[in-house]
Amino acid sequence: MPPALPTIEWGPTLPMILLAATGVMVVLADLVVNRRAPLLSLLIAILGMGGALLAVVYGVSEDARAFGQFVRYDFIGRWGAMIALAGGCLVALISPKTIRDHDLPAAEYFALLVFGVLGMVVLCVSVELFTIFLSVELIALTIYILSGLARQSTRSTEASMKYFVLGAFSGGFMIFGFVFLYGGAGGRSTLGQIGLSIMQMDSPWEMGCLVFGLALALAGFAFKLAAAPFHLYAADVFEGAPTPVAALLATGSKVAGFVALIHLLAPLHEHLTEAVQAFAADAGGLLWFLAALSIVVGNAVALLQRNVKRMLAYSSIAHSGYLLIGAVVFVEGSVTLAEIETAILIYLIAYVLMKVVAFGVAAGLGTRGEGDVEAYAGLAQQSPWLAAAMAVAMLSLTGIPGTAGFVGKFYVFARAVESHYVILVVLAVLGSVVSAYYYLRVIVYMYMRDPAEPAALEPLGIVQGLGLLLASVPIVIVGLFPQLLLVLLTSI
Amino acid sequence: MSEAYFGYNIFLSVILFALGVLGVLWQRNALSVFMSVELMLNAANLALITFAQRYGDAAGGALVLIVITVAAAEAGVGLAIFIRLYRQRATIELDKATELQG
């Protein structure tokens, strides 16, 4: 009797199929039309990513599975996929100005963007080691190319090269760690099975393999999240890469990486046996260290930065630290799964919105936005709307009440206090206070200094303006009515 | 495969991996660094195939192909980046690329 052919679950795979088809379509459409038409590529990319978003919202129920046991849309994974897709749409919207300024090949740009977002969606929902590795590499490969896409710019090439060398290096750590997890679990690679074998761990040899594997895998993830001490590439890449690419790297890539990290740690959440407890204590200690160091290093070095994009890079390192507090609480396990995952998701949503706005304004200012903070002087007089959007993003990144950034921090820190991580929370709050200095400096320059460059700004363009509007208004709405977001998280 | 060979193979893969890491940290030429990264990936392949054989998991052998594919894709992208770097600066020494402060 021939073996039964595996069935394809069309619902859960549809978003991925749509994205892959969109990426190809963007390139084909450019060939057919035979002229560089950025708006056409943009339109196809937005339609594809928007369609995939709808396909996740309406076509995939929670806990849907696909590809055997390899893909599972659990609560955080399904929402992570949605955030990555929405973030991808927003990044696409803030891109046109940069494409014009740096003369980027539009079709390639948007095709790679869509493929990168495909990697992020798959990473969010994959619960098997090698699927995770593949999607991590898909994201990394597209961003290597995207960050070097400004052909004339030596800075862009340098950013691409630095990200490539360190990305490939960390990819090596990740896969070597995964192989040892696979070996320690007795030749099984889905995360559920690995969790089972941690629970039933009997020999020191298996224990060694699993601990070694998890430590290496965590190092690989820490790199992808730009958590200190694995953050050294971040500032250079953010500065040299085209600004919207930096936005993609800061948002979608980090969201997906963090969701995958939570999936990897999921077997440690419930301490069913002593072995799991010991394991969770080790992993929690490691994560605690990463979180504390990221908060301290990110905020301290951000103080010294004059260049706005570099400042945003260090700020994203600090925010990785705040997020990792969520991971520490998750592993500690005294807060329920739904509570901590909700807190993390709220933080991620707020984080994506404010980073997109900050990078979107920098992109909207063209070469001026890539310069030092002095270049932002007097922006409020020249373009009140851009300045207002930037001000909202900066206040939100600081965590001022009334913005989404505050809501995100509040939920994560509150859960951490419940789990008695007081030192970590004190550190994080102190870090937020320090961060006010470098975030508010941008606002001071925009509103209280005379324009550095008297020349009038180029008009922004409808698409770019729409992107900024769609990202900045929710920051305020979520900040003022956080319960709306909670309702959204439970209802969709 | 006997137990003894299993241990040797894992040991060998750890050594190869460590050599790869040292290579990345010490080499300054971009191509040498890239070769060291390939060594790390192949160390992972060796460990993977060893584990797969020991636990009789046929899928493990197929997973090696995935890692090899990723390595090939990385080579494609990476060499293109290095060529661009060479055209712009006439060198692929990593520490000569210091236009971005840091």
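Predicted model: local features only at pLDDT ≥ 70, side-chain atom pairs only at ≥ 80, totals over all residues.
Local features require pLDDT of at least 70 and side-chain atom pairs pLDDT 80 or more, whereas totals for chains, interfaces and linings use all residues. Residues are numbered from 1 along each chain as its sequence is written, and chains are lettered from A in the order in which they are written.

**View 1. Helix 2 (residues 38-59) and helix 5 (residues 106-125) of chain A.** The two helices (DSSP runs of H or I, at least four residues, numbered from the N terminus) pack at about 15 degrees with axes 8 Å apart; axes are lines fitted to C-alpha atoms over the stretch in contact, and angles run from 0 to 180 degrees between N-to-C directions. They are therefore roughly parallel (angles under 35 degrees). Contacts (C-beta atoms, placed from the backbone, within 7 Å) involve residues including Leu42(A) and Met49(A) of helix 2 and Phe110(A) and Val114(A) of helix 5.

**View 2. Helix 6 (residues 129-147) of chain A against helix 3 (residues 58-89) of chain B.** The packing angle is about 10 degrees and the axes lie 11 Å apart. Helix 6 of chain A and helix 3 of chain B are therefore roughly parallel. Among the contacting residues are Phe130(A), Leu134(A) and Tyr144(A) from helix 6 of chain A, together with Ile66(B), Val70(B) and Ile81(B] from helix 3 of chain B.

**View 3. The side of chain B that touches chain A.** Chain B contributes 33 residues and chain A 31 residues to the contact. Helix 1 (3-26), helix 2 (30-54) and helix 3 of chain B each supply at least two residues of this side of chain B. Helix 3 of chain B provides the largest share, 13 residues.

Technical notes: Parallel < 35°, antiparallel > 145°, perpendicular 65-115°, else oblique. Contact = placed C-beta atoms within 7 Å.
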